[in-house]
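Dear colleague,

Please find below the structure that I am handing over to you. My notes on it follow directly after.

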There are 2 protein chains.
Amino acid sequence: MPELRKDPVLGRWVIIATERAKRPDQFAGKPQEGPLEEPCPFCENNEPRTPPEIYAIRPKHTPSNGPGWELRVVPSIAPFLRIEGELERRGEGLFDLMNGIGAHEIVIETNQHIANMADLSEEQIAKVITCYIDRTIDLEKDKRFKYVLVFKNYGWSAGGGRVKHSRSQLIATPVNPKRVKEELVGARQYYDYHERCIFCDLIKQEIASKDRVILDIDGFIAVTPFAARFPFEVWILPKKHSCDFTSMDMAARYSLSCILKKTLAKLKKGLNDPPYNYVLHSAPFRRQKVGYWKSIDYDYHWHIEIIPRLTRVAGFEWGTGFYICPLPPEDAAKFLREVEV
Amino acid sequence: MPELRKDPVLGRWVIIATERAKRPDQFAGKPQEGPLEEPCPFCENNEPRTPPEIYAIRPKHTPSNGPGWELRVVPSIAPFLRIEGELERRGEGLFDLMNGIGAHEIVIETNQHIANMADLSEEQIAKVITCYIDRTIDLEKDKRFKYVLVFKNYGWSAGGGRVKHSRSQLIATPVNPKRVKEELVGARQYYDYHERCIFCDLIKQEIASKDRVILDIDGFIAVTPFAARFPFEVWILPKKHSCDFTSMDMAARYSLSCILKKTLAKLKKGLNDPPYNYVLHSAPFRRQKVGYWKSIDYDYHWHIEIIPRLTRVAGFEWGTGFYICPLPPEDAAKFLREVEV
């Protein structure tokens with residue numbers, strides 16, 4: 001059983017992931033890319049190579065776990081957190097821990113052997129977004145969970161695995177992640193002072209200055225953040241205020257799909273298919289939004305952060321939480337604006 | 001001129017490091033290791049290949065910037081922050097920024113072409129520690145600076161460069177880094193409640209349980225932290241309470257040198273010479289310790305964090321601030337205890 005352990009000084013939770021545990025000596029040396037897994041377990045007709053599906057977009061006449069699907073969600077075969085059991089929060093002297101309960105799901109985004117989401121159609125990416133929404137709403141019903149993070153690891157340096165088939169992941173956690181709390185607190189402080197959403201203000205300022213805007217289409221913008229941590233870091237934000245991405249209607253899902261595809265295609269073409277991560281930051285589950293977070297409907301604003309993995313993170317970053325970005329985000333935005341896709 | 005920019009939501013500072021800026025298209029593709037720089041600019045007799053020395057341990061009869069030294073400190077040739085100028089804190093709409101003023105120094109730890117600090121003698125490592133202390137005390141005199149981070153990047157995956165010569169770095173910053181503030185706040189909250197230092201309590205608990213102790217020698221312990229972020233993460237802590245590493249006497253410096261060398265040697269032998277980072281966390285400068293931080297002499301405890309770079313950091317970690325550690329720290333400690341050096 002994996003464990004969730006809390007750093008007693010920083011309050012940072014860590015998953016001690018026993019399900020992926022290796023022997024200590026297996027970590028020796030430099031991290032290296034392993035061989036490709038073949039045949040691809042995520043391609044159509046290879047369904048028996050995955051655990052049974054939790055969710056699928058497929059015609060009614062096709063049976064579960066058989067071919068004919070357009071998108072499937074399966075549990076991770078090496079989950080960071082386990083779905084069965086109780087949290088059993090407890091202490092060990094000054095340490096706090098609980099069982100590693102959660103959900104860890106893999107979204108297989110296409111039945112074709114396509115590696116990069118940039119190469120999926122807008123229609124297909126809209127289905128992926130619908131799947132994120134449906135799965136998040138379903139996971140919210142489990143009272144043990146406080147948050148779902150939707151994210152993607154593309155390419156080996158970005159934590160991608162040995163299968164070159166476009167997919168993303170959802171992890172439901174029984175605690176609110178530190179980073180998410182910090183965003184909520186920061187956004188609320190601004191709201192308390194100005195009575196306006198900081199993200200809405202930020203979007204207005206970015207559109208007015210134009211320097212960091214890459215794309216501005218149909219209710220969404222893609223910008224490089226003013227205090228970018230990484231070269232070519234890109235945020236995609238809805239212009240219309242909303243704390244919760246699950247409230248998107250079908251038209252908004254399609255618009256998001258278009259700007260996401262275009263942004264990923266610009267990164268692929270302009271930067272020679274770099275490894276990247278993205279994360280979707282939305283408000284914690286509805287029941288968290290009363291009480292302490294009661295203003296969250298006004299002061300938080302969901303968004304996607306895309307991080308191409310082009311540089312290494314070294315001691316200074318680990319030691320300080322400071323980041324060093326070797327490219328002004330204005331130069332990155334200009335470069336990406338000019339990449340034609 | 002590099003800029004320090006603040007993320008308006010998270011309050012996280014970022015250095016936009018123009019001195020190391022590349023053209024946008026030079027970032028294309030995967031990060032890759034470049035060729036070695038030869039001849040090594042850090043070896044004895046190659047002093048003209050570095051900027052003039054700021055500090056050296058050398059016999060009195062040897063001239064500055066000539067051979068005969070045991071340790072040298074030179075400014076970085078591509079500094080993240082610049083020493084000349086004023087901060088000029090200012091706003092741009094809702095964004096905050098200032099000039100990238102600071103110091104960035106390279107500590108050349110030996111005149112021999114030795115790559116890993118694990119292979120230096122205890123006497124030589126004690127000189128490196130003395131140098132950290134002397135340089136920190138000197139940088140503290142500059143009223144523009146609030147913190148000095150001492151750190152090391154060893155090996156390419158850890159951010160090390162194209163020179164295989166043992167060195168570490170000091171960066172003085174005009175703002176207190178987020179991570180350091182979080183440690184100070186966490187330690188003070190514990191102190192306010194218990195009237196005891198959390199690190200002192202943690203050391204007592206670790207020594208009693210033994211599960212995570214790797215070495216316990218002469219006033220210092222090396223342990224794997226309970227909520228380790230990374231496999232084989234190791235913290236070295238002085239058993240005697242002190243918030244400030246510059247207060248170490250000569251005997252303590254030598255003891256620290258012995259446990260640091262032994263720990264690094266165990267990592268090298270047990271894990272096949274892995275890349276690693278270490279960071280030294282000490283209290284902010286003395287003048288910060290009055291007022292808001294007035295209790296810091298009691299509630300903070302300096303220490304070194306060593307992070308072997310054996311795994312990749314992926315989307316989940318960037319998105320949540322959660323870490324996933326695939327090896328229980330108890331197993332890592334047992335393994336390292338048994339490596340004979």
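The expected span of a helix is taken as 1.5 Å times one less than its number of residues, and helices (H or I, at least four residues) and strands (E, at least two) are DSSP runs numbered from the N terminus. The model is predicted: local features need pLDDT of at least 70, side-chain atom pairs count only at pLDDT 80 or more, and totals for chains, interfaces and linings use all residues. Residues are numbered from 1 along each chain as its sequence is written, while chains are lettered from A and ligands numbered from 1 in the order in which they are written.

Helix α4 of chain B (residues 250-270) has 21 residues and reaches 30 Å from its first C-alpha to its last, close to the 30 Å expected. Just after α4(B), B:N272 takes a positive phi of about 60 degrees.

As to the two copies, superposed by least squares on the C-alpha atoms of residues with pLDDT of at least 70 in both, a rotation of 180 degrees with 0.0 Å of shift along its axis places chain A on chain B, with an RMSD of 0.0 Å. They are thus related as by a two-fold rotation axis. The C-alpha of chain A nearest that axis belongs to A:V313, at 4.7 Å.

Counting residues as in contact if their C-beta atoms, placed from the backbone, lie within 7 Å, 82 residues of chain A are in contact with 82 of chain B. Helix α2 of chain A (residues 178-194) supplies the largest share of chain A's side, 7 residues.

Kind regards

Technical notes: Two residues are in contact if their C-beta atoms, placed from the backbone, lie within 7 Å.
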